[in-house]
Amino acid sequence: MFNKRTRIKDLLQSDKVNYQTTVMGWVRTFRNNQFIALNDGSTNNNLQVVVALGSLDETTLKRITTGACIKAVGEIIPSLGKGQKVELTATSVEILGDSDAEKFPLQPKKHSLEFLREIAHLRFRTNTFGAVFRVRHSLAFAIHEFFNKKGFVYLHTPIVTASDAEGAGEMFKVTTLPLDGTAPKNEDGSINFKEDFFGRSTNLTVSGQLEGELAAMAFSDIYTFGPTFRAENSNTTRHLAEFWMIEPEMAFSDLEDNMNLAEEFIKYIIRYAMEHNKEDLEFLTQRLDEEEKQKPQNDRSEMGLLQKLEFVVNNDFERITYTEAIDILKESNHNKKKKFNYLIDKWGVDLQSEHERYLVEKHFKKPVILTNYPKEIKAFYMRQNDDGKTVAAMDILAPGIGEIVGGSQREERYDKLTERMTEMHIPLEELDWYLDTRRFGACPHAGFGLGFERIVQFVTGMGNIRDVIPFPRYPKSASF
RNA sequence: UCCUCCUUAGCUCAGUUGGUUAGAGCAUCUGACUGUUAAUCAGAGGGUCGCCCGUUCAAGUCGGGCAGGGGGAGCCA
């Protein structure tokens, strides 16, 4: 067996000293021809491997370069230097993989996030991305743990879908037909998808919600957690063409149950990361502090990253209706002094991100749950309220990120649902399978969608969503 | 897709009213030193100034187009 190593994390956490061990990892820096800062990805902290002067031959010494992969055998002892508690005095060092220092792009210095994005295959080896992706892992794990504890069934909804009526966004087409113009055609000149692989036109999924509802009408509580695709030409710090989404769906639930679950869920996974990724979050807090120092005074956030997470976990989210939000915005000095690009003058308008940011960052200074939006600006499946004007929708807005959750109580009444679909020109026959849930044993139910990368952004403090997914896909970019 | 800013060495950036041979720090290489913490000190190598077209005696510098990137907006998660 080759792997008889100790993980650096375990080694640094333990107080044990004076024992022989083997470590393997990648060289971060090699100082003074003696001190190797070794990292194996188990933690952000490096192990100092000390090579006694003259103990290694000249050629091996030369091969210990930034980025090289090595195996070191020796004794763990209390460190003679100041920066660390323990260190390993190496009796042997073996080069597992060389790294040409002249060509290896990562240098022992600060790099811009934009540069690292171009070398996404190597950026895992930096402190920042090491921390980000360990936190991402923890959040993903916590999500499954949370729902499992609550008795939710993890449902795998299809990635290739025939439904294009949901209207969540532009879709990527899936086809095996030739793209050179020789694809079989109908009489009217359109592509004949009956000849395609699935015998019909198919796309990559934009949401698993409708399928999730089907399963909730049998298991009571389900959740999905998988990749989702939007072919929107969005170029922002919070949109991706391929992203991961969590979509719980609960039978026997109304809008309030939905909000309660969403809030408990968000707090649970943040708390989990705070408990299991303390060092990573401390590092990211420090990183963000340094980044904030570059900004002008007014643009700096009042709280550090950990402080902000602490605050979110320990305080109730603010819950207000759309109507109340409009009143607050209309009466705000910001609106009166015409500081908004889009002034709030009447009920019914959709909120712009400047308004959402004002509510979350200026007015309440905490996450806000907005409910009961006008039905005109929301999807067909949301439950119509008795006032005839609004639907039982809820959006959770987070400071710095904006919309992090979108959800609603679903319209379970067959007549109301089909009436709304007809108004919105959604063909009933396409979603006949969905309508079956309303025909056979319908019940009040609710659910929401949470963008995984956005919560990772929130927890890690990363400004650009492209830096919280290993290999981001966005317009004009699908490298690696 | 729209608005706006940017593109000069491997990286981060200077580069004056257009004017000889384009600079710095870090990284790399060579040497010195040897309990260092992004080690330090000395020296060396490294550039088609994003691409194309134009203005001019002369363009890294001015103008136009294209490409790529950042930030903001829209769409949303």
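The following questions and answers set values from a predicted model against the definitions behind them.

Local features are reported only at pLDDT of at least 70 and side-chain atom pairs only at pLDDT 80 or more, while totals for chains, interfaces and linings use all residues. Residues are numbered from 1 along each chain as its sequence is written, chains are lettered from A in the order in which they are written, and side-chain values use heavy atoms, with hydrogens and water left out.

Q: Why is the pair formed by Glu-87 and a base nitrogen of RNA strand B called a polar contact?
A: A polar contact is a pair of N or O atoms within 3.5 Å (within protein, one must be able to donate a hydrogen and the other to accept it, and residues adjacent in sequence count only if both atoms are side-chain atoms). A polar side-chain atom of Glu-87 lies 2.6 Å from the base nitrogen, so the pair qualifies. Arg-357 places a polar side-chain atom 2.9 Å from a phosphate oxygen of the RNA, and for Gln-34 the distance to a sugar or linking oxygen is 3.3 Å.

Q: How do you know which elements supply the surface near RNA strand B, and how are its residues classed?
A: Helices (H or I, at least four residues) and strands (E, at least two) are DSSP runs, numbered from the N terminus. Among the elements that each supply at least two residues are strand E1 (19-31), helix H3 (113-118) and helix H11 (353-364). With Ala, Val, Leu, Ile, Met, Phe, Trp, Tyr, Cys and Pro taken as nonpolar, Asp, Glu, Lys and Arg as charged, and the others, Gly among them, as polar, the surface has eleven nonpolar, 22 polar and 16 charged residues.

Q: What makes one space a pocket and another a cavity?
A: On a 1 Å grid over the protein atoms alone, a cavity is a set of points where a 1.4 Å probe fits but cannot get out, whereas a pocket is an open set with protein on both sides within 12 Å along at least five of seven lines; lining residues have an atom within 4 Å of a point. Grid points are joined across faces, edges and corners, and a volume is the space filled by probe spheres set on the points. The second largest pocket holds about 1000 Å³ and is lined by 40 residues, with six from H4, the largest share. The second largest cavity has a volume of about 50 Å³, and its lining has nine nonpolar, no polar and no charged residues, including Ile-266, Phe-317 and Phe-458.

Q: How do you know that domain 1 and domain 2 are in contact?
A: Contact means heavy atoms within 4.5 Å, and nine residues of domain 1 are in contact with nine residues of domain 2. The bounds, 2-105 for domain 1 and 125-156 + 213-467 for domain 2, come from an automatic or database domain assignment. Taken over C-alpha atoms, the domain centres are 44 Å apart, and each domain gives at least three residues to the lining of the second largest pocket.
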